[in-house]
Amino acid sequence: MSLKRRLALVLCALIIFLTASVSFLLYRRSAGIINQDASNYMSAQLERAKENIDLLLEITQLETRNLAGDLTVRAFLEGRLSQEEASGYLKALKTAQTDAPKHYMDMFILDLTGHISAATDPSFIQLDLSTRDYYQKSLQTGDTVTSDILIGRADDSLIVITVSPIYNEEGQLLAHAGIAIY
């Protein structure tokens, strides 16, 4: 092999090596930039999702407090309405919500023993929630409490339950109002 050929071969190998090295470095750098952008984008999306969940839970807590202060619910607790009338009223409240089929699973009233005494779904009547952490915490604190994510007994879907105490004018605990959301 002539010197000219060897020199050309070494020069071609050097150019190929430099081209491959530069390509590899550019690939690594651009992949790092893309991964960082993807990580930043995912963090922003997760933060937005968290804000949406927090807002939904806050709205549900406010709606549960409103249900606890509802005059028709009080009339039921005072014995002026039957269980069927109260359950019908709760069902009407649930269907009046614009996103009820997608959002609400149930609205219910718990008596002082922790049993459901009125609900949108008749199969939930007399369901015992007295041992549930959220109910016990609401009893102890006297405030609105939201559960962790639970598996619903009706259809095994994931739900969150918010309960709020119902007081009479003298400040005596009458019952608890609750809302279960999908």
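A cavity here is a set of grid points where a 1.4 Å probe fits but cannot get out, and its volume is the space filled by probe spheres set on those points. The model is predicted, and by this rule the count comes to two cavities of 30 Å³ or more.

**Largest cavity**

- The largest cavity has a volume of about 160 Å³, and 17 residues line this space, with Phe124, Leu127, Arg153, Ile159 and Ile161 lying nearest its centre.
- Strand S1 (104-110), strand S4 (150-151) and strand S5 (158-167) each contribute at least two residues to the lining of the largest cavity, and S1 gives the most, with three residues.
- Sorted by class, the lining of the largest cavity comprises 13 nonpolar residues, one polar residue and three charged residues.

**Second largest cavity**

- The second largest cavity has a volume of about 40 Å³, and its lining is made up of Thr72, Val73, Phe76, Ala86, Tyr89, Leu90 and Ile109.
- Helix H2 (71-77) and helix H3 (83-96) are the elements that give two or more residues to the lining of the second largest cavity.
- In the lining of the second largest cavity, six residues are nonpolar and one is polar, while no charged residues are present.

How values were computed
Residues are numbered from 1 along each chain as its sequence is written. This is a predicted model: local features need pLDDT of at least 70, side-chain atom pairs count only at pLDDT 80 or more; totals for chains, interfaces and linings use all residues. Side-chain values use heavy atoms; hydrogens and water are left out. On a 1 Å grid over the protein atoms alone, a cavity is a set of points where a 1.4 Å probe fits but cannot get out, and a pocket is an open set with protein on both sides within 12 Å along at least five of seven lines; lining residues have an atom within 4 Å of a point. Helices (H or I, at least four residues) and strands (E, at least two) are DSSP runs, numbered from the N terminus. Ala, Val, Leu, Ile, Met, Phe, Trp, Tyr, Cys and Pro count as nonpolar, Asp, Glu, Lys and Arg as charged, and the others, Gly among them, as polar.
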